Amino acid sequence: KQTLLPLLREETSAFIFPCRPAVQRPERRHMVMELLRCIPLLLFLLFVCGLDHFIFSVLSIIQHHSLVQYSYQTSHRLTVNVMGTSLMAQLLQSTIGALNSSFDTQVEASNLACLPQPTALTRQQYLNTCLPLGALALLCLAQVYPFRLRRAIAAFYFPKREKTRVLFLYNKLLRQRKNFVYLQRGRIARQARQPHGLGTSLLEWCRRHFPWLRRYLRRRCTLCGTPETPRHRPCPDADCRALYCEPCW
């Protein structure tokens with residue numbers, strides 16, 4: 001509840017507000033880890049697609065440059081002529097004349113049936129292969145919103161446990177704020193002991209002697225770094241140049 005313990009600027013980034021549509025800092029860390037887990041799948045998919053294209057290219061080269069065709073053609077003519085009209089001649093003409101033959105042979109062959117017939121994947125098939133991985137990446141981006149319901153579901157079924165968790169979180173924030181004040185005091189003290197640079201001194205001189213430049217040379221809060229507004233408060237010590245926003249003050 002905002003009325004119970006208003007959060008400071010530094011504390012807001014550590015919590016998840018369910019009604020905010022933007023992905024918040026704790027969710028972003030978990031989302032990045034989920035997306036990093038998709039990188040091995042993406043690399044494997046790229047390897048498989050690259051290997052498929054490589055194998056298709058090799059088989060296509062074999063198909064176009066390993067075709068062998070040959071043609072074999074031959075003809076055979078055998079003719080025996082027996083001259084004469086005698087009985088022996090007629091006998092030879094009837095017997096040896098049967099040996100007369102004539103045939104032509106033509107053979108054409110190729111290794112086309114033995115060559116590979118590769119078929120390349122279409123662009124639609126590549127797209128269908130990558131769609132599941134794209135859907136997985138979208139689910140990694142969109143899962144932060146269903147995850148916000150976990151606390152509400154747990155609070156509905158275990159209300160006493162929810163009260164214990166809220167009380168623990170409240171005490172934890174009080175301890176963190178107390179430690180935060182001590183840490184920031186030490187940091188500001190160390191920063192004040194350091195000599196100011198030439199650029200910082202020049203800006204202060206310009207702000208002091210040219211009041212109209214203060215609109216453009218705005219300072220920032222010493223703690224959170226927010227730009228100067230009319231609600232910022234300077235340190236009451238005249239020798240201190242620190243400026244604080246209202247929550248930090």
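Select Glu162 to begin: at 15% relative accessibility this residue counts as buried (buried means under 20% relative accessible area, exposed over 50%, partly exposed in between, with a 1.4 Å probe and protein chains only). The structure is a predicted model, in which local features need pLDDT of at least 70 and side-chain atom pairs count only at pLDDT 80 or more, while totals for chains, interfaces and linings use all residues. Residues are numbered from 1 along each chain as its sequence is written, and side-chain values use heavy atoms, with hydrogens and water left out.

Arg151 and Glu162 form a salt bridge, with their closest N and O atoms 2.6 Å apart (a salt bridge is a side-chain nitrogen of Lys or Arg within 4 Å of a carboxyl oxygen of Asp or Glu). Arg151 belongs to helix H6 (residues 149-157) and Glu162 to helix H7 (residues 159-193), so the pair ties together parts that are 11 residues apart in sequence. Helices (H or I, at least four residues) and strands (E, at least two) are DSSP runs, numbered from the N terminus. Arg151 is partly exposed, at 43% relative accessibility. Now include Arg165: salt bridges that share partners join Arg151, Glu162 and Arg165 into one network.

The whole structure holds five salt bridges. Proceed to another of them, between Arg77 and Asp104, where the closest N and O atoms are 3.0 Å apart. This pair links distant parts of the chain, with Arg77 in strand E1 (residues 69-78) and Asp104 in strand E2 (residues 101-110), 27 residues apart. Arg77 and Asp104 are both exposed.

Extend the view to the two strands. E1 and E2 pair in the antiparallel sense over 10 bridges (two strands pair if DSSP finds at least two bridges between them). Select Tyr72 and look across to Val107, its bridge partner in E2. Of the 10 residues of E1, the number buried is zero, so the strand lies largely in the open.

Next, select Glu34 and Arg37, whose side chains meet in a salt bridge (3.4 Å, N to O). The two residues are three apart in helix H2 and are therefore separated by about one helical turn. Glu34 is buried, at 16% relative accessibility, whereas Arg37 is exposed, with a relative accessible area of 58%.

Remain in helix H2 (residues 25-65) and select Glu27. This residue is buried, with a relative accessible area of 5%. Its side chain is joined to that of Arg148 by a polar contact of 2.7 Å (a pair of N or O atoms within 3.5 Å; within protein, one must be able to donate a hydrogen and the other to accept it, and residues adjacent in sequence count only if both atoms are side-chain atoms). Leaving aside residues up to four places away in sequence, Glu27 touches Ile16, Ala22, Val144 and Arg148 (contact means heavy atoms within 4.5 Å).

Finally, turn to the aromatic rings. The charged end of Arg20 sits over the ring of Phe17, 4.2 Å from its centre (NZ of Lys or CZ of Arg within 6 Å of the ring centre and within 35 degrees of the ring normal). The charged end of Arg150 likewise sits over the ring of Phe147, 4.4 Å from its centre.
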